[in-house]
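Morning, everyone. Please bring it up on the screen.

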Amino acid sequence: MSENATYRTAGAGPRDVAVLGGGSFGTAMAKVLGENGHTVHFWMRDEEQAEDIRKNRINKRYMPGITLEGDIQPTTDLADAVRKAEVVLVAIPSKAFRAVIRENSQVFRDGQIVVSLTKGIEEHGFKLMSEILQEEIPRCRTGVLSGPNLAGEIVNRELTATVIAAKDPDVRRAIQELLGCEYFRVYANVDVYGVELAGALKNIYAIVAGLANALEMGENAKAMLITRGLAEMSRFAVSLGANPMTFMGLAGVGDLIATCTSNKSRNFRVGYAVGKGKKLDEAAQELGQVAEGIYTLKLVREKSEAIGIYMPLVRGLYEILYEGASINAVINSLMMAVQNSDVEFILPRTISQ
């Protein structure tokens, strides 16, 4: 492939795709790609893990019992994986995201498609993963994949939909062609910032929902928390430039519902453990995987206070997790807060009477 090769047109057959990150979601995307007939250069840090997948076709640590079919090639050589790929999907935790991309920035080619799968925010400067890609590899064409995508369901071929957000229509089309199949639908959006911020923010409210579940709150209370969470996250995102309508789609309310109602969600499970009396560190350690919402909560609380956006659920959860506040005291405080408007974004009527 030439140094400046770009994505081929539809009908050109199987592609070479790199998936960076051997966790649960990286594994799920590698599986979809492999079953769709593509060659997957599946990068992970741990040689033992890579060798085990090579031999047994199973990622025992993250997806035990799930066989990876197709041409999936585990590797610990990131540069080699990126060089061979037309498209690169990045599923690296937010804390390590910039370091890994920066360290290998010279390997990426002009016009290469690079899409973030990571739902998180960088600590310094409140940067989203797409912004990191633009800063570190500006010559690439970038995008973001986000939506109600529990990895455990995708690997079992359960019906799922996601959103590819990119300004470049070729990036959107390429990802739709690569990943779309009978059980995995890929919808397109141009609001990169809104789609990505929705994916990061909903992790906070999944922790809140886990807490509520542990306290055996009723269905009315759970519905209230989810919808007020939606109002809160969209208010915050719109103040930073996102399109409010993005939050009515799969990346917004769709992802929020999935993670706030399922014990398959890592963030939900952390909230549930805390609600049952565990300390945050214990809950995170027991999980054994990254729950991005723990880090996102700190950053969003700081940012919302700095720009003056009212986020009572964020503030309340922060008090519980980091300041030792009583869960009941925080709930009582939330229930005594001012009852303001339900829906904040009203669209003008376009149908004449």
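Val90 stands opposite Ser116 in β5. This is a predicted model, so keep that in mind throughout. The pairing behind that contact is between β4 and strand β5, residues 113-116, parallel, over four bridges. To get from β4 to β5 the chain passes through helix α4, residues 94-103, in a right-handed β-α-β crossover.

β4 also has a partner in strand β1, residues 16-20, again in the parallel sense and over four bridges. There, Ala18 stands opposite Val88 in β4.

Now the side chains of β4 itself, residues 87-90. In a regular strand, side chains alternate between the two faces of the sheet. Here Val87 and Leu89 point one way, Val88 and Val90 the other, and all of them are buried.

Next, the pockets. How much space lies in the largest pocket? About 1,100 Å³. Its lining has 46 residues, and those nearest the centre are Gly23, Ser24, Phe25, Arg266 and Gln289. Elements supplying at least two lining residues each include α1 (24-35), β8 (141-146) and α11 (266-275). By class, that lining has 18 nonpolar, 18 polar and ten charged residues.

The second largest pocket holds about 600 Å³. It is lined by 28 residues, with Met224, Arg228, Leu313, Leu334 and Met335 nearest its centre. Two or more residues each come from α8, α9 (219-239), α14 (312-322) and α15 (327-335). Which of the elements gives the most to this lining? That is α9, with six residues. The classes here are 20 nonpolar, four polar and four charged.

How values were computed:
Residues are numbered from 1 along each chain as its sequence is written. This is a predicted model: local features need pLDDT of at least 70, side-chain atom pairs count only at pLDDT 80 or more; totals for chains, interfaces and linings use all residues. Side-chain values use heavy atoms; hydrogens and water are left out. On a 1 Å grid over the protein atoms alone, a cavity is a set of points where a 1.4 Å probe fits but cannot get out, and a pocket is an open set with protein on both sides within 12 Å along at least five of seven lines; lining residues have an atom within 4 Å of a point. Grid points are joined across faces, edges and corners, and a volume is the space filled by probe spheres set on the points. Ala, Val, Leu, Ile, Met, Phe, Trp, Tyr, Cys and Pro count as nonpolar, Asp, Glu, Lys and Arg as charged, and the others, Gly among them, as polar. Buried means under 20% relative accessible area, exposed over 50%, partly exposed in between (1.4 Å probe, protein chains only). Two strands pair if DSSP finds at least two bridges between them. A crossover is right-handed if, with the strands pointing away from the viewer, the path from the first strand over the helix to the second runs clockwise.
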